[in-house]
Amino acid sequence: MSEGQRFQLGTIGALGLSVVSSVSIVICNKALISTLGFTFATTLTSWHLLVTFCSLHVARWMKLFEHKPFDPRAVMGFGILNGTSIGLLNLSLGFNSVGFYQMTKLAIIPCTVLLETIFFRKIFSRNVQLSLTILLMGVGIATVTDLQLNFLGSILSLFAVLTTCVAQIMTNTIQKKFKVSSTQLLYQSCPYQAITLFITGPFLDGFLTNQNVFAFNYTPQVLAFIVLSCLISVSVNFSTFLVIGKTSPVTYQVLGHLKTCLVLAFGYVLLRDPFSWRNLLGILVAIVGMVLYSYYCTVESQQKAAAEAAAQLSQAKESESDPLINIESEGGILTEGAPRGAGWNSAKDLHA
């Protein structure tokens, strides 16, 4: 199996793991929050991250991955930013209607595209932009119902979108810049994310729910669902970093909207949630957008790979056709660190 085939297989595996684990944890948390009344989302997320760090620490002890320390300031800033974005998204949901919160999540893709275009000079073709527009329209039709605006909620949503976009772009760029794997980055940033949410979570949840997380009645059923949610979160956090590292922040957001459509479908089939023609139409339109996005991204990546291969082949042919390079390489004149003038003189001697 070639390197390219292994990479494609790994990417497909990461995407599949992300979808399965995310849909599973949404169903688990829905039962925990809606049925059992445990509404402390931010505190629960801090527990998720603590369990993820402990799991990765055991994996490191078992030598399943290599610990690779790098710039501690970058790790700390990245971890705190990630934790802050999660808290702001929860605040956005608390201060806005569900419809406006869904609009906030939809805004992450165009904001990410804008930031990558401005700061990284990344070019998104018209076909990709069209497919993303169709996808966002579909998800909007399926999920956005009421739109109630208020000033504080809008400001919180704006900061939530910006911090989420920057955090996801950093997830990709840090892995490439410092040449670390998704596991290595997650292992080092998890403590900062967990501490940020562990400190702010109880206050944030208390402010949004008017309840105390430490005074909640933890029945065996509630504890069982919390443990299950924390175990699934290990796979969710790992697959999130893996997908963003192997693909891009925009692709991860597209995958996130696929999860939203699947959650709506599973909610209707398994939990008998209300489902209308609007939900069905929105999901179908979103699926069309996802298929087009996947198709155009695949075609463009193949064209880019073909262009790079043609450029390398052309460069190799130019090297072979250059008589001076041929003579120098055959005569063994040029070595590392040798002055260029010696090579030219020797070539003249050979012609003579």
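The second largest pocket of this predicted model holds about 1500 Å³ of space. A pocket here is an open set of points on a 1 Å grid over the protein atoms alone, where a 1.4 Å probe fits, with protein on both sides within 12 Å along at least five of seven lines. Its volume is the space filled by probe spheres set on the points, which are joined across faces, edges and corners.

Lining residues, those with an atom within 4 Å of a point, number 39 in this pocket, and T247, T251, C297, T298 and S301 are the closest to its centre. Two or more residues each come from α1 (3-35), α5 (108-120), α7 (151-177), α10 (249-270) and α11 (277-321). Helices are DSSP runs of H or I with at least four residues, strands are E runs of at least two, and both are numbered from the N terminus. Helix α11 gives the largest share of the lining, twelve residues. By type, the lining divides into 18 nonpolar, 13 polar and eight charged residues. Ala, Val, Leu, Ile, Met, Phe, Trp, Tyr, Cys and Pro count as nonpolar, Asp, Glu, Lys and Arg as charged, and the others, Gly among them, as polar.

A word on conventions: residues are numbered from 1 along each chain as its sequence is written. Local features need pLDDT of at least 70 and side-chain atom pairs pLDDT 80 or more, while totals for chains, interfaces and linings use all residues, and side-chain values use heavy atoms, without hydrogens and water.

Now to the rings. Rings of Phe, Tyr and Trp (its six-membered ring) pair if their centres lie within 6.5 Å; planes under 30 degrees apart are stacked, over 60 edge-to-face and the rest tilted.

| Pair | Centre to centre | Angle between planes | Class |
|---|---|---|---|
| F38 and W47 | 6.0 Å | 35° | tilted |
| F216 and Y218 | 5.4 Å | 75° | edge-to-face |

One aromatic cluster takes in F38, F40, W47, F216 and Y218. Buried means under 20% relative accessible area, exposed over 50%, and partly exposed in between (1.4 Å probe, protein chains only). F38 is buried at 1% and F216 is buried at 17%, whereas Y218 is partly exposed at 28%.

Another tyrosine, Y192, sits in helix α8 (residues 182-209) and is partly exposed at 27% relative accessibility. Leaving out residues up to four places away in sequence, Y192 touches V75, M76, G79 and I80, where contact means heavy atoms within 4.5 Å. Y192 and I80 are 112 residues apart in sequence, yet their C-alpha atoms are 5.7 Å apart.
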